[in-house]
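Some notes on this entry follow, as numbered points. Please read them with the coordinates open.

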Amino acid sequence: MEKDNIRVQINDFGGHPIYGLTQRFFITSQAIALIVFKCNAMSKPAFYNLIGKWIEQIWALSPGMNIALVATHTDELDTLHFNWQETKQLCEEIRHSFISTYQVIIEKTSIEVHRHYQSIKEKTKKVKFEYLSLSSKTMDGFKELEDFIFTSAKEKQFVLPQSWYDISLWIGDTEKHQNKLYLTWEEVEQKFRKQNLSDLLPFLCDIGEILYYPELQKTIFHDVKHIIDILRSLFTHDLHKSLVYNKKDTMSEGDYDSMKNLFLEQGLLTDKLLLRIWRKHDISTEEMTTLVQLMLNFYLCYEIDPKEKEIFRSMQVEHIYHFPWFLEDKHPKQEMVDEVKRHVVFPKIKLEIQYQISNGLPFNFFESCSVILHRQMYLHGDRREDCNGFVWVRQNRVQFYLQSNEDKNGKCEKVVLTLIAKNQKSKKC
């Protein structure tokens with residue numbers, strides 16, 4: 001989308017929670033979020049699911065980011081059921097809730113943290129919500145939406161040094177680099193000698209031109225849309241529909257079905273199946289390894305030992321990754337509950353930590369905690385069980401269990417981490 005020498009990159013959030021995993025890659029401080037909803041579905045009870053939770057998620061990833069609310073289907077508008085004024089008031093309530101939370105943090109933290117949250121608080125105060133209405137049937141409102149996007153882009157424009165501008169053009173030339181999934185720091189440094197990339201690359205990442213994370217061995221993902229498309233071919237709500245065996249495949253159909261079922265039911269993904277999921281993107285094994293490092297870095301998965309599952313030994317699998325996001329069971333199996341209860345008997349030492357956020361937990365916060373817990377405990381734990389919303393790990397005399405609590409609307413209010421240790425002095429334990 002281009003106009004007046006301004007190029008706009010538009011990324012679709014997707015409405016299903018699984019797409020929340022890719023949002024962090026393109027929600028930056030310089031972006032603008034459009035929350036799109038059907039106007040005749042809007043009411044005060046429906047506000048949180050249609051709008052409120054998205055404001056919370058956006059500000060959880062990028063505090064104080066500018067937001068525009070876009071009401072669609074205005075040709076079907078019934079003024080008795082839709083009121084912008086009420087929506088504006090509810091949005092302001094969320095803003096005040098965030099500001100109050102930041103103030104509590106400011107009052108209870110050190111001076112360094114105090115300054116950071118004071119800055120975020122002031123930024124949140126200045127956020128200007130935009131309210132736009134449109135209809136794809138009559139095309140009313142589209143001109144106003146376009147004008148808003150490009151006007152906002154002009155307000156955010158930067159004047160770059162010529163050297164920075166030249167480098168950004170070269171990196172962003174997707175035709176020149178079309179056969180490459182990513183560039184390396186060395187490639188750019190060799191092309192533009194004596195340039196300080198350590199300041200430029202984070203800046204280009206912040207404005208959405210590239211994805212760059214220094215901890216990933218200085219890898220530069222120059223085509224953001226392509227990377228998001230690749231990740232979304234994995235993190236999609238209807239993945240099961242695309243997992244169809246290809247009779248020309250060198251893998252046996254039996255092995256394919258076994259890997260498919262283990263992934264869809266237990267979240268266990270083999271490197272062989274992952275390569276086939278990404279086959280349409282022409283991903284090499286080396287490129288897949290780099291993307292896996294990206295996912296590991298953002299706690300989207302963790303690696304486990306193939307020897308743990310008997311079924312993998314005959315498949316010559318080198319790597320297995322566990323993705324808690326794909327666990328289907330919403331509640332722990334009764335045998336898991338009984339096992340935990342059997343071990344949780346006093347006298348014992350118990351430590352419980354609750355992560356509770358007044359504005360609602362970010363999407364997939366529980367799963368990220370699960371990945372971190374397993375990553376820390378996996379090598380030494382003698383048993384673990386998990387499902388969608390509950391994790392239990394036992395390591396010798398110590399047990400950890402992690403559970404998410406939801407309210408009646410399905411909003412995750414808190415995540416509870418409990419550590420239980422057997423009392424060494426008690427023979428009964």
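Which residues have the most contacts inside the largest nonpolar core?

1. The model is a predicted one. Inside its largest nonpolar core, which has 81 residues, those with the most contacts are Leu 234, Phe 235, Phe 263, Trp 278, Leu 294, Met 295 and Phe 323. Another core, of 16 residues, lies apart from the largest one and includes Ile 171, Leu 197, Leu 200 and Ile 210. In soluble globular proteins, nonpolar side chains tend to be buried together.

2. On the chain as a whole: it contains 15 helices and 16 strands. Of its 429 residues, 45% are buried. When contacts between residues at least 6 apart in sequence are taken, 66% of them join residues at least 24 apart.

3. Helix H6 (residues 162-171) packs on helix H8 (residues 197-206) at an angle of about 55°, the axes being 11 Å apart. H6 is therefore oblique to H8. The crossing of the pair is right-handed. On the H6 side the contact involves Trp 164, Ile 167, Ser 168 and Ile 171, and on the H8 side Leu 197, Asp 199, Leu 200, Leu 201, Phe 203 and Leu 204. By class, that contact comprises eight nonpolar residues, one polar and one charged. Ile 171, Leu 197 and Leu 200 are also among the residues of the 16-residue core.

4. Helix H2 (residues 47-61) and helix H3 (residues 84-108) cross at roughly 35°, and their axes come within 11 Å. This crossing, too, is right-handed. H2 contributes Phe 47, Ile 51, Gly 52, Ile 55, Glu 56 and Trp 59, while H3 contributes Thr 87, Leu 90, Cys 91, Ile 94, Arg 95, Phe 98 and Tyr 102. Nine of these residues are nonpolar, two polar and two charged.

5. Backbone angles to check: most residues other than glycine have a negative phi. His 73, not a glycine, has a positive phi of about 60°. His 73 sits in the loop between strand S4 (66-72) and H3. Its relative accessibility is 29%, so His 73 counts as partly exposed.

6. Asp 282 is likewise not a glycine and has a positive phi, of about 55°. Its place is the loop between helix H12 (271-277) and helix H13 (285-297). Is Asp 282 buried or exposed? With a relative accessible area of 67%, Asp 282 is exposed.

Key: Residues numbered from 1 in each chain as written. Predicted model: local features only at pLDDT ≥ 70, side-chain atom pairs only at ≥ 80, totals over all residues. Heavy atoms only, no water. Axes fitted to C-alpha atoms, helices over the stretch in contact; angles between N-to-C directions. Helix = DSSP H or I, 4+ residues; strand = E, 2+ residues; numbered from the N terminus. Parallel < 35°, antiparallel > 145°, perpendicular 65-115°, else oblique. Left-handed = near helix turned anticlockwise from the far one by under 90°. Contact = heavy atoms within 4.5 Å. Nonpolar A, V, L, I, M, F, W, Y, C, P; charged D, E, K, R; others polar. Core = buried A, V, L, I, M, F, W, Y, C linked by side-chain atoms within 4.5 Å. Buried < 20%, exposed > 50% of the residue type's maximum accessible area, 1.4 Å probe, protein only.
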